[in-house]
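Colleague: Could you take me through this model step by step, giving the cut-offs behind each term as we go?

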Amino acid sequence: MTIRVLIVDDQMMVREGFSVLLGAMPDIEVVGEAVNGRDAVDRVRELSPDVVLMDIRMPELNGIEATREIVAADGGAKVLVLTTFDLDEYVYQALRAGASGFLLKDASARQLADGVRVVAAGEALLAPSVTKRLITEFSKLAEAPRPSAAAQLAYGELTERETEVLVLIAQGLSNSEIAERLVVAESTIKTHVSRILVKLGLRDRTQAAVFAYEARLVKPA
């Protein structure tokens with residue numbers, strides 16, 4: 001199936017550059033562009049893209065608020081945040097708002113396309129060490145909120161093995177790596193991950209990782 005992508009950035013050259021790179025991929029179609037967060041929310045409603053490439057720092061409505069609105073609308077669009085800096089303080093906020101991951105703007109064409117494919121498939125772009133480092137860094141902040149009382153109650157419903165899998169997800173391990181670590185089939189890990197997301201009311205692995213850090217299940221390195 002063709003992956004429908006919306007590109008959101010207030011710089012025309014950036015939008016055009018990403019559009020050319022992704023448009024060259026046989027399995028990806030750029031269905032539109034947006035110049036700011038408010039425009040992005042409207043275009044998502046109009047075009048129903050599978051993936052939204054979202055800049056953070058934009059006028060009118062920034063990428064964090066736009067991400068929050070798009071996720072809250074629950075239309076199925078996944079948000080992949082684009083940033084210039086790998087330790088941009090706003091990226092952590094975007095992940096908490098519901099983004100499925102992030103990429104640096106200097107990513108290669110292959111990395112960009114692969115990132116879109118990973119997010120479109122329902123996975124989270126969490127494996128790259130830079131993402132793990134970012135989540136780890138900003139979960140150190142004293143003001144980082146703990147999960148809500150309801151979320152903490154839901155956490156108590158996780159089995160011991162599900163909690164173990166959740167911690168490994170937060171450490172950046174893939175399903176195959178977790179399966180190897182726990183000496184079980186990868187399909188078993190996929191089942192555990194699905195149950196974790198349902199019990200905690202989370203969208204994907206990135207949200208699960210953020211939850212694990214905020215619940216202090218994983219200590220920042």
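Colleague: What percentage of the 221 residues of the protein count as buried?

Modeller: This is a predicted model, in which local features need pLDDT of at least 70 and side-chain atom pairs count only at pLDDT 80 or more, while totals for chains, interfaces and linings use all residues. Residues are numbered from 1 along each chain as its sequence is written, and side-chain values use heavy atoms, with hydrogens and water left out. Taking buried as under 20% relative accessible area, exposed as over 50% and partly exposed as in between (1.4 Å probe, protein chains only), the share of the 221 residues that count as buried is 48%.

Colleague: How many helices and strands are there in the protein?

Modeller: Both kinds of element are DSSP runs numbered from the N terminus, helices being H or I with at least four residues and strands E with at least two. Counted in that way, the protein has 11 helices and 5 strands.

Colleague: What is the hand of the crossover from β1 through α1 to β2?

Modeller: Of the 6 residues of β1, 5 are buried, so this strand is largely enclosed by the rest of the structure. Strands pair if DSSP finds at least two bridges between them, and β1 runs parallel to β2 with 6 bridges joining them. A crossover is called right-handed if, with the strands pointing away from the viewer, the path from the first strand over the helix to the second runs clockwise; by that test, the β-α-β crossover from β1 through α1 to β2 is right-handed.

Colleague: Is Val-30 buried or partly exposed?

Modeller: Val-30 lies in strand β2, where it is the bridge partner of Val-5. Leaving aside residues up to four places away in sequence, Val-30 touches Val-5, Ile-7, Ser-19, Leu-22 and Gly-23. At 22% relative accessibility, Val-30 counts as partly exposed.

Colleague: Which residues does Asp-55 touch, not counting residues up to four places away in sequence?

Modeller: UniProt, in an unreviewed entry, places the feature "modified residue: 4-aspartylphosphate" at Asp-55; its positions are given in the numbering used here, feature names are shortened, and annotations may be inferred rather than shown by experiment. Asp-55 lies in strand β3, which pairs with β1 in the parallel sense over 4 bridges. Asp-55 is buried, with a relative accessible area of 7%, and, with the sequence neighbours excluded as you ask, the residues that Asp-55 touches are Val-8, Asp-9, Asp-10, Gly-63, Leu-82 and Lys-105.

Key. Contact means heavy atoms within 4.5 Å.
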